[in-house]
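Thanks for coming. Please have the structure open.

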Amino acid sequence: MPPNLVAATIRKGLYTRIVGRRVLYYPALPSTMDEAARLGEDDADEGAVVVAEVQSAGRGRQGRSWVSTPGNILVSVLFRPNLETLPFISIIGGIAAASAVRKVTGLDIKIKWPNDLMIGRRKVAGILAESTIAGNSVWYAVLGVGMNVSLGTEQIDEISPFAISLNAAVGEDVPREDVLRQFLMDLDALYLTLGKGQSPIEEWQELLDTIGQRLEATWGEETYCGVAEGTDELGNLLLRQDDGSLLTLTAGDVTLTAH
């Protein structure tokens, strides 16, 4: 299927103002994140969307690899936010992805802090945001989403214990173009709202299933144990340690495990 036809299919019924101004489809890419970043370096307008059928070098948070096979959703979106809105790009990505899945499938989606989409205790999607700052301004930011739609997670040993696909969760084939289209529309609405100075934190917090859980947080070479008490206004996790002190954990540096 030629790229322009795929782009037209995605754009059919795509009612957005910023996200989806350009939709670029590739049968294969090393990384949609890297391609969207290249557009950012080339001064492309924000809202450009990069979609790939497969990736050879897809990545998640903290440099982890992302398993890629045909039939899933691999998408990155280019933004040009300011310094005030930059911390919320990954947060609106998580909200939009959860909202899209819920609207299309009816599944109860939760977010494991900072931005893993979970069905029960299994991960169905991951969110990644990267940015380039020049001086005191943001040059560009890229939001990436990898979502398991048809991935046969039970057949991949390294992820089978903790991953799931939408098809497996629903019990039938989920139309991924509907999920992608809804995601882009919800993301666009959230980004427009963010630009008006309205924080998405409250809506995001309602989706978090991490709050109230006892966790072990690995931060660099240190490990901390405690109960996730909430988040601050930027989405950093507040961990109440066993000695009663409150530790603020930033999303980029922490690995959480149930404890």
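Start at Ser31, which caps the N-terminal end of α2 with a side-chain oxygen 3.1 Å from the backbone nitrogen of Met33. That is a polar contact, meaning N or O atoms within 3.5 Å; within protein, one must be able to donate a hydrogen and the other to accept it, and residues adjacent in sequence count only if both atoms are side-chain atoms. Helices (H or I, at least four residues) and strands (E, at least two) are DSSP runs, numbered from the N terminus.

A word on the source. This is a predicted model, in which local features need pLDDT of at least 70 and side-chain atom pairs count only at pLDDT 80 or more, while totals for chains, interfaces and linings use all residues. Residues are numbered from 1 along each chain as its sequence is written, and side-chain values use heavy atoms, with hydrogens and water left out.

The chain has 6 helices and 12 strands. Of its 259 residues, 51% are buried, where buried is under 20% relative accessible area, exposed is over 50%, and partly exposed is in between (1.4 Å probe, protein chains only). Taking contacts between residues at least 6 apart in sequence, 64% join residues at least 24 apart; contact here is heavy atoms within 4.5 Å.

Back to α2. How many of its residues are buried? The count is 7 of 10, so the helix is mostly covered. Those residues are Thr32, Met33, Glu35, Ala36, Ala37, Leu39 and Gly40. They pack against β1 (23-29), β2 (49-55), β3, β6 (122-134) and β7 (137-147). Just after the helix, Asp43 takes a positive phi of about 65°.

Glu35 has a charged partner. It forms a salt bridge with Arg38, at 2.6 Å from N to O, the criterion being a side-chain nitrogen of Lys or Arg within 4 Å of a carboxyl oxygen of Asp or Glu. Both residues lie in α2 (residues 32-41), 3 residues apart, or about one turn of the helix. In general, an α-helix has 3.6 residues a turn, so residues three or four places apart point the same way. Glu35 is buried at 12% relative accessibility, whereas Arg38 is partly exposed at 39%. A network of salt bridges links Glu35, Arg38 and Asp42.

By this rule there are 8 salt bridges. One of them joins Lys123 to Asp116, with the closest N and O atoms 3.2 Å apart. Lys123 is partly exposed at 21%, and Asp116 is buried at 14%. Arg181 and Asp178 also form a salt bridge, with the closest N and O atoms 3.2 Å apart. They are 3 residues apart in helix α5, about one helical turn.

Next, the aromatics. The whole structure holds 2 aromatic pairs, a pair being rings of Phe, Tyr and Trp (its six-membered ring) with centres within 6.5 Å; planes under 30 degrees apart are stacked, over 60 edge-to-face, and the rest tilted. Phe79 and Tyr191 have ring centres 4.5 Å apart and planes at 40°, so this pair is tilted. Phe79 lies in strand β3 (residues 73-79) and Tyr191 in helix α5 (residues 176-195), so the pair ties together parts 112 residues apart in sequence. Both Phe79 and Tyr191 are buried.

Now the interior. A nonpolar core is a set of buried Ala, Val, Leu, Ile, Met, Phe, Trp, Tyr and Cys residues joined through side-chain atoms within 4.5 Å. The largest has 62 residues, of which Val75, Leu117, Met147, Leu166, Phe183, Leu184 and Leu187 touch the most other members. Not counting residues up to four places away in sequence, Leu166 touches Val101, Leu107, Ile119, Val124, Met147, Asn148, Val149, Val174 and Val179. A second, separate core of 14 residues includes Leu24, Leu39, Leu128 and Tyr140.

Last, some strand pairing, which requires at least two DSSP bridges between two strands. β8 (residues 214-219) and β9 (residues 222-231) run antiparallel, joined by 6 bridges. Leu215 stands opposite Gly226 in β9. Their hairpin has 2 residues between the strands, and Gly220 takes a positive phi near 65°. β9 is also joined to β10 (residues 237-241), antiparallel, by 5 bridges. Ala228 has Leu239 in β10 as its bridge partner. This second hairpin has 5 residues between its strands, and Gly235 in the turn has a positive phi of about 95°.
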